[in-house]
Amino acid sequence: ANGEVKPVEQNQANVNANSYGKITEILVKEGDHVTKGQLLMRTEDVQQSANVEAQQAAVKTAQADISAQEANVQSAEAALRTAQADLAQSQAKFKQASDDFNRGQQLLKDKLIARQVFDQRLSDFEVAKANVQSAQARLGQAKAQLQQAIYNRDMAKARVGQNQAQLLGLQNALAQTVYNSPLDGIVTSLPVHVGENVVPGIQNAVGSLLYQVSNLSIMTVEVKVDETDIPNVKLGQTADVLIDAYPNKTFKGHVTQIGESAVGRT
């Protein structure tokens, strides 16, 4: 049976374009040995790099905003404590003024104090009462300001998370312009050149083929066996392989897989 010599399927990888752009650098040539993860090619990344830098700046700005909003929260908390202390002080003074006023009413009734003294106690009572109401209003305002400061701080933290997520996406887009070797092997195909424009895959269409890396340490031969001979082929069976490039040499192999479906004549 005739067939094709090729690497084991999992030892061969075609690398296609991940993004639109022009090839700016090719670091290998066909036939070079490469290792997994080795940088082989770059495509244009001006826009992607600019996007990443801009988003990094946005993240730093958002993080700085968190610091500012945290300071506002601390300031609002201090203002709240001050308002609470002012209210307690005002309430204490109001209680004292209230007691003096109540005693003054009885003393005035008994004609033990002058009207002028009673009027002063009444004035102090009214002022203390107004101060309590004012302190209560300031306390309510301080609580509202603290809630607003906390809300602003939480929103700032959310913006940081959002900006970091966007940065991650942009960094991934930048990474798509860098192409590494998917495995240890040899560059067996390199159909592109520097300056050539490539396009990524769209829907069912694959992207531009950039290169192929193959590990040739183990080779397979895929052959089309006639249906009348298939019953005589078994897994593990030994095989003699003759290759056109080596006319006087026979290679030894064994059957590792048998197809389950017929191959059409076309």
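**Note on the predicted model**

1. A hairpin of 2 residues links β11 to β12. β11 covers residues 238-243 and β12 covers residues 246-254. The two strands pair in the antiparallel sense over 6 bridges. Here, two strands count as paired if DSSP finds at least two bridges between them. Strands are DSSP runs of E with at least two residues, helices are runs of H or I with at least four residues, and both are numbered from the N terminus. Within this pair, I243 stands opposite Y246. A239 has G253 as its bridge partner.

2. A word on the basis. This is a predicted model, in which local features need pLDDT of at least 70 and side-chain atom pairs count only at pLDDT 80 or more, while totals for chains, interfaces and linings use all residues. Residues are numbered from 1 along each chain as its sequence is written, and side-chain values use heavy atoms, with hydrogens and water left out.

3. Look at the first sheet. Strands of a sheet pair through backbone hydrogen bonds, either parallel or antiparallel. This open sheet has 4 strands in the order β6-β5-β3-β8, with antiparallel pairing. β6 (178-180) and β8 (197-198) stand at the edges. Each has a single partner strand, so one side of each lacks a neighbour in the sheet. β5 and β6 are joined by 3 bridges, in the antiparallel sense. R42 stands opposite V178 in β6.

4. Now the other sheet. Its 4 strands run in the order β2-β9-β7-β4, and the sheet is open with antiparallel pairing. β2 and β4 (33-34) are the edge strands. Each of them has a single partner strand, so one side of each is left without a neighbour in the sheet. β7 (residues 185-189) pairs with β9 over 3 bridges, in the antiparallel sense. V187 has V213 of β9 as its bridge partner.

5. Next, the interior. In soluble globular proteins, nonpolar side chains tend to be buried together. A nonpolar core is a set of buried Ala, Val, Leu, Ile, Met, Phe, Trp, Tyr and Cys residues joined through side-chain atoms within 4.5 Å. Buried means under 20% relative accessible area, exposed means over 50%, and partly exposed lies in between (1.4 Å probe, protein chains only). The largest such core has 17 residues. M41, Y179, L210 and Y211 have the most contacts inside it. β2 (12-16), β5 (39-43) and β9 (209-214) each supply at least two of its residues. The largest share, 3 residues, comes from β9. Apart from this core lies another, of 11 residues, including A83, L87, A135 and L139.

6. What does M41 touch, leaving aside its neighbours within four places in sequence? Its contacts (heavy atoms within 4.5 Å) include I23, I26, Y179, L190, L210 and Y211. E25 and T177 are also among them.

7. Check R153 in helix α2 (residues 115-175). R153 counts as buried because its relative accessibility is 17%. Beyond its neighbours within four places in sequence, R153 is in contact with Q69, E70 and V73.

8. Finally, the surface. V5, L216, M219, V221, V223, V225 and I230 make a nonpolar patch of about 470 Å². Strand β10 (residues 219-223) gives the largest share, 3 residues. V223 is found in that strand, β10. V223 counts as partly exposed because its relative accessibility is 35%. Patch residues have over 30% relative accessible area and no salt bridge; like charges are joined within 9 Å, and nonpolar side chains (Val, Leu, Ile, Met, Phe, Trp, Tyr) within 5 Å. A salt bridge puts a side-chain nitrogen of Lys or Arg within 4 Å of a carboxyl oxygen of Asp or Glu. Accessible areas come from the Shrake-Rupley method with a 1.4 Å probe, and for residues only the protein chains shown count as cover.
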